Amino acid sequence: MASDMDRSTLLNCLARVGAGCGLLVLASIAFAQTALAQSAAAEDWRQHEIAVLQGLDKVTARISRFEVPVGQTVRFGTFNIRVETCQDLPPTLPPESAAFVHVEDQPPDEPPRELFSGWMFASSPGLNAVEHPVYDVWVASCKSASTEGQSSAAGSN
């Protein structure tokens, strides 16, 4: 979260310049989210066996929700999607899920080509976006096989 000094600087900037500070505001928000994720110690992140992803078909405007077991590859449209790890923070910390994902595009009768390889964060789907004219993919959450059928809020009572 941004400090009080950062907030007053942002408010002063917006008051003086108006919409011209939009980039500064967006950069500050991105920095605050990154700092928040980094403030969690490595031992706070919980490993899960399944990544829950969402995919958008831009032609039909349909969003599909699908699961990818860690270490396995699934197909979405012309994408081959492999998840190496999926982690989230416990309910006592701010909500965040992250997955290390490899995305290849393999149209019919063509060899696959890598489109994306890196971390995706559920709270910032546009941060590391897959750039493709027809499909888009992002991380929604992580879950364990033992939490099958439970909502993410089930354990927070």
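This note comments on the fold, the disulfide and the salt bridges of a predicted model.

1. Basis of the comments. In this predicted model, local features need pLDDT of at least 70 and side-chain atom pairs count only at pLDDT 80 or more, whereas totals for chains, interfaces and linings use all residues. Residues are numbered from 1 along each chain as its sequence is written, and side-chain values use heavy atoms, with hydrogens and water left out.

2. Overall architecture. The chain contains two helices and eight strands, arranged along the sequence as α-α-β-β-β-β-β-β-β-β. These elements are DSSP runs numbered from the N terminus: helices are H or I with at least four residues, strands E with at least two.

3. Burial and surface. Of the 157 residues, 33% are buried (buried means under 20% relative accessible area, exposed over 50%, partly exposed in between, with a 1.4 Å probe and protein chains only). The accessible surface is about 9,600 Å², and carbon and sulfur atoms account for 56% of that area; the areas come from the Shrake-Rupley method with a 1.4 Å probe, and for residues only the protein chains shown count as cover.

4. Contacts along the sequence. Among contacts (heavy atoms within 4.5 Å) between residues at least 6 apart in sequence, 47% join residues at least 24 apart.

5. The disulfide. One disulfide is counted, the criterion being a pair of cysteine sulfur atoms within 2.5 Å. The bond joins Cys86 and Cys142, with the sulfur atoms 1.8 Å apart; the link is left-handed, at -85 degrees about the S-S bond. Because Cys86 belongs to strand β5 (residues 79–88) and Cys142 to strand β8 (residues 135–143), the pair ties together parts 56 residues apart in sequence. Cys86 is buried at 0% relative accessible area, and Cys142 is buried at 8%.

6. The whole structure holds four salt bridges, each defined by a side-chain nitrogen of Lys or Arg within 4 Å of a carboxyl oxygen of Asp or Glu. One of them pairs Asp88 with Arg46, the closest N and O atoms being 3.1 Å apart. Asp88 lies in strand β5 and Arg46 in strand β1 (residues 46–48), so this pair ties together parts 42 residues apart in sequence. Asp88 is buried at 9%, while Arg46 is partly exposed at 34%. Glu67 and Lys143 form another, with closest N and O atoms 2.5 Å apart; this pair links strand β3 (residues 62–69) to strand β8 across 76 residues. Glu67 is partly exposed at 36%, and Lys143 is buried at 15%.

7. A further salt bridge. Arg113 and Asp105 meet at 3.7 Å, N to O. Asp105 is buried at 3% relative accessibility, whereas Arg113 is partly exposed at 47%.
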